[in-house]
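Hello,

I am passing on the structure we talked about. Please have it open while you read; my notes follow below.

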Amino acid sequence: MSSDSDPQTPSEEISAEDDSHLIRLQKFLAATGLGSRRHCEEYIETGRVTIDGDVVTELGAKVDPETQVIEVDGERVRLQPRRYYLLNKPSGFLCTNNDPAGRRRVVDLFPNDGQRLFTVGRLDENSEGLILVTNDGELAQRLAHPRYRVARTYHVQVVGNPPREKLDELRKGVRFKEGVFRVSGLKYLKKQGKSAFLELTLHEGQNREIRRMMARIGHKVIQLVRIRFGPLNLGKLKTGESRRLSDTELKKLRQMLNEKHSPDIRHRKGQKNAAPAKVRASRKTAVKRSGERGAAAGKYISETTPGGKNIGGKKTDVKKTGVKKTGVKKTGSGLKKAGGKRSGSTGRKPAADSTKPKTTGRRMIGDDSEKRTRQGKRK
């Protein structure tokens with residue numbers, strides 16, 4: 001009798017072990033430097049990839065790079081050691097691997113030793129400065145993705161001297177068909193002749209973004225140089241020169257990507273966004289309580305006569321109601337605000353009781369006989 005808990009046969013165990021070292025085809029292609037996984041999936045779906053001579057169009061296919069031959073457009077692709085370069089791009093070079101016009105490309109600045117390199121993101125043909133060149137498709141895709149908002153800092157020389165209100169437009173945002181472009185950091189560096197130098201920081205790499213924004217506010221770009229990309233700095237690297245990234249720089253890049261996409265960061269952001277709701281709730285409570293105090297104070301004032309007695313014949317104890325009289329002083333004609341306006345339920349001056357004497361300090365004003373009696377007692 002067999003049961004569901006019967007152990008696997010030896011052949012099944014071997015096949016399970018064999019599957020452990022297989023990787024998805026699109027992941028392997030991205031690792032060879034063909035591009036991001038999404039681009040590699042397009043290669044597979046369009047029938048450009050073969051495994052041991054057979055065309056494969058299924059995205060879920062797995063391969064063994066050690067024993068199988070994987071080709072793209074008839075050319076075999078292999079895993080290569082990871083390489084990471086920082087280049088000071090000169091003007092006049094394109095950030096592309098395929099240019100039908102035959103113009104100069106950034107990858108032409110590196111020796112052709114069989115490695116497939118490509119740029120991380122783009123700088124347009126006339127722009128200069130820091131750009132990463134690698135064969136690590138996964139890292140390149142993450143660094144270029146807008147979700148990670150990698151900071152890019154540029155030194156820009158523009159025609160004329162833009163006033164402050166024009167620069168404020170860049171901070172607020174300039175609308176284009178792709179959306180609103182804005183700078184996250186802006187610093188005025190100096191004026192030189194009929195031009196000015198600015199330092200701009202962006203978190204999204206749109207096509208010719210800075211040039212289009214500056215043209216919109218009426219100041220054409222003369223020169224544009226990228227000096228920083230995330231934690232990396234151009235430093236003193238000369239135009240056209242490149243160097244390999246250090247282990248420390250690679251560690252900083254990966255750490256930045258992990259921090260910006262970690263669940264802990266998203267959780268903390270959610271708590272931060274929830275905080276204003278608590279503040280609003282506390283404000284509503286405070287307003288409600290202050291309204292209750294105001295209603296109690298109004299009730300006290302409206303129900304109290306100038307003599308301090310309640311209309312119903314009961315005294316009102318201010319301390320028991322918890323109402324604090326602020327800026328209100330008692331006079332012979334009733335309650336009067338410090339500003340000079342009389343208080344009451346109708347806002348009018350309460351009628352004085354003619355049968356009762358008025359008191360001002362120690363002297364009695366009213367009945368003459370009572371006055372003489374008082375004076376006689378004093379004598």
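**Salt bridges**

The side chains of Asp73 and Arg48 form a salt bridge, 2.6 Å from N to O. Asp73 sits in the loop between strands E5 (70–72) and E6 (75–76), and Arg48 in the loop between H3 and E2, so the pair ties together parts 25 residues apart in sequence. Arg48 is partly exposed, at 34% relative accessible area. Bear in mind that this is a predicted model.

The count of salt bridges comes to ten. Another of them joins Arg228 to Glu199, at 3.4 Å from N to O. Arg228 belongs to strand E15 and Glu199 to strand E14, so this pair links parts 29 residues apart in sequence.

**Helix H3**

H3 covers residues 37–45, and Cys40, Tyr43 and Ile44 are buried in it. These three cover an arc of only 100° around the axis, which puts them on the same side of H3. The buried residues pack against helix H2 (25–31) and strand E2 (49–51). Arg38 and Glu45 are exposed, on the face turned away from the buried side. Gly47 follows H3 and has a positive phi, near 75°.

**Cores**

The largest nonpolar core has 31 residues. Val156, Leu170, Leu200, Ile210, Met213 and Met214 touch the most other members. Elements that each supply at least two residues include strand E7 (84–89), helix H5 (164–172) and helix H6 (209–216). E14 gives the largest share, four residues.

Beyond four places in sequence, Val156 touches Ala196, Phe197, Leu198, Leu200, Ile210, Val221, Gln223 and Leu224. There is also a second, separate core of 22 residues, with Ala140, Val225, Phe229 and Leu245 among them.

**Pro231**

Pro231 lies in the loop between E15 and strand E16 (232–233). With 30% relative accessibility, Pro231 is partly exposed. Leaving out residues up to four places away, Pro231 touches Lys252, Leu253 and Met256. The C-alpha atoms of Pro231 and Met256 are 8.2 Å apart, although 25 residues separate the two along the chain.

Best wishes

Definitions and conventions. Residues are numbered from 1 along each chain as its sequence is written. This is a predicted model: local features need pLDDT of at least 70, side-chain atom pairs count only at pLDDT 80 or more; totals for chains, interfaces and linings use all residues. Side-chain values use heavy atoms; hydrogens and water are left out. Buried means under 20% relative accessible area, exposed over 50%, partly exposed in between (1.4 Å probe, protein chains only). The arc is that of the directions from the helix axis to the C-beta atoms. Contact means heavy atoms within 4.5 Å. A nonpolar core is a set of buried Ala, Val, Leu, Ile, Met, Phe, Trp, Tyr and Cys residues joined through side-chain atoms within 4.5 Å. A salt bridge is a side-chain nitrogen of Lys or Arg within 4 Å of a carboxyl oxygen of Asp or Glu.
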